[in-house]
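Subject: Structure handover and notes

Hello,

Here is the structure, with my notes below it. Please read them with the model open.

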Amino acid sequence: MKYHFLNLHDVVIIVSILESAFLGAFFWLIPGKQRLARHILAFLFLLMAGALTSTLFIWNSYLQTLAIANCNIAPLVLATCLLLQGPALYLYLNALSRDTNLWQWPKALHLVPALTSAMVILAFNITVKDWLPRDWPTVPASTLLAVKYVWVLFKCVPATYIIACLHAEYRLRQDMKQIYSNISQRELMVADIVLGGFFVHWLWSCAGYLLSGYLSDQANEFVGASSDYIAAILLNTLFVFGLVNTRQLLKTLPADKDAKPETELPMEKVAAIEQCIHVQKLYLENNINLERFAERAGLKPRDVSTIINSHYHSNFFEFINGFRIEEAKRLLMNADSGESILDIAYRSGFNSQSAFHRFFKRMVGITPSQYRNRKRHVIDDESMPHRA
């Protein structure tokens, strides 16, 4: 029997593997403040590369004749990579705006489906030949049951992450409104493209599996192949987007390398920013953003961003919230004040208590309540009479 090593579908998969590997390296190496988020995104693309590579080994007619078809490596890699994509996307969206600790034990629950499928594949030694539906009539009943169980997991479980990811995306948008995160619009576009692409991919794959019993062999083959093409479209979109916007993505560095040295900055523009901070106290306005700040200062948003990066060695997000935290600390030190933490958060310019707590703890190291109690103890100790 004659086997063709590559067909058009295989070529698309190989190109997609190379692109996903490139994107993984790109987002891993690119510098910026969203380091954890970008590393998780890089890991997500490496998972795609692993899933596509194993798909090629499983479905290519030539590779099916090799010794690898008699081992369980390809099914193990495929199921594991597919089942880790949902958790990776969810954690990526969370890490964009929130401090995320990957080593907390609840995060391990996301690994359960992938670990379960891996244990089943290893326990029943599910090979490439066992994996292919056309060979299921010859597969032992117990092994076939295990194969179908793993198929249900990797076809349906990723789709369940749609709700979790939508919630994470909603919180991301809310956080941006509350604390004006330093996430750039281009990074948000990356998140939107990834989110939309995976949603379509997961829903298509899940729907195809659920309807497979009602479709012909040709229709099922089309659904399976089109799923790979959806992944290819996602990767090509991000590939082109990354190439076109590399310069803008790199501008999320703590200090803009393209900015003029501090000695070359026009001091009248620096003075305008100082006026907005120390006289107008624009940081106390909870709806302030870069555009509004620049308008009040009589400057262009780009000039404000450049000066804050170069002169203050910060970004607009941290610059504004840094002054807000200092104002909150001043209010918290007032031991006679009956204001609640929420009142102080609003007076300091924050839109929500959760955003205030999160940023205060990040900058000060303790919660606002702990800071207030500590200062009160100091004041009480100083007010107590001391023996000679």
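**Overall figures**

The protein has an accessible surface of about 20,100 Å², and 62% of that belongs to carbon and sulfur atoms. Accessible areas come from the Shrake-Rupley method with a 1.4 Å probe, and for residues only the protein chains shown count as cover. This is a predicted model, in which local features need pLDDT of at least 70 and side-chain atom pairs count only at pLDDT 80 or more, while totals for chains, interfaces and linings use all residues. Residues are numbered from 1 along each chain as its sequence is written, and side-chain values use heavy atoms, with hydrogens and water left out.

There are 16 helices and 0 strands in the protein; these are DSSP runs numbered from the N terminus, with H or I over at least four residues for helices and E over at least two for strands. Of its 388 residues, 49% count as buried (under 20% relative accessible area, with exposed over 50%, partly exposed in between, a 1.4 Å probe and protein chains only). Contact is taken as heavy atoms within 4.5 Å. Among contacts between residues at least 6 apart in sequence, 74% join residues at least 24 apart.

**Nonpolar cores**

A nonpolar core here is a set of buried Ala, Val, Leu, Ile, Met, Phe, Trp, Tyr and Cys residues joined through side-chain atoms within 4.5 Å. The largest has 68 residues, and F45, L89, Y92, L93, W131 and V194 have the most contacts inside it. At least two residues of this core come from each of α1 (8-29), α2 (35-59), α3 (73-95), α4 (112-124), α5 (128-131), α6 (141-179), α7 (185-210) and α8 (217-244). The largest share, 14 residues, is supplied by α3. Not counting residues up to four places away in sequence, L93 touches C165, A168, E169, A191 and L195.

Axes are lines fitted to C-alpha atoms, for helices over the stretch in contact, and angles run from 0 to 180 degrees between N-to-C directions. Helix α10 (residues 267-279) and helix α12 (residues 301-311) have axes that come within 10 Å and cross at roughly 90 degrees. That makes α10 roughly perpendicular to α12 (angles of 65 to 115 degrees; under 35 is roughly parallel, over 145 roughly antiparallel and the rest oblique). On the α10 side the contact is made by K269, V270 and I273, and on the α12 side by D303, V304, I307 and H311. By class, this contact has 4 nonpolar, 1 polar and 2 charged residues. Nonpolar means Ala, Val, Leu, Ile, Met, Phe, Trp, Tyr, Cys and Pro, charged means Asp, Glu, Lys and Arg, and the others, Gly among them, are polar.

The axes of α10 and α11 lie 9 Å apart, at an angle of about 110 degrees, which makes α10 roughly perpendicular to α11 as well. Here A272, I273, C276 and I277 of α10 meet F293, R296 and A297 of α11. The classes in this contact are 6 nonpolar, no polar and 1 charged.

In α12, the buried residues are V304, T306, I307, I308, N309, S310 and H311. Their cover includes α10, α11 (290-297) and α13.

**Individual residues**

Just after α12, H313 takes a positive phi of about 55 degrees. This residue is in the loop between α12 and α13 (316-332) and is exposed, with a relative accessible area of 57%. N125, in the loop between α4 and α5, also has a positive phi, near 50 degrees, and is not a glycine. At 41% relative accessibility, N125 is partly exposed. For background, most residues other than glycine have a negative phi.

I366 sits in the loop between α15 (353-364) and α16 (368-383) and counts as buried at 14% relative accessibility. Leaving aside neighbours within four places in sequence, I366 contacts F360, K361, Y371 and R374.

Y149, in helix α6, is partly exposed at 39% relative accessibility. Not counting residues up to four places away in sequence, Y149 touches T116 and V120. The C-alpha atoms of Y149 and S117 are separated by 8.2 Å, the two residues being 32 apart along the chain.

Regards
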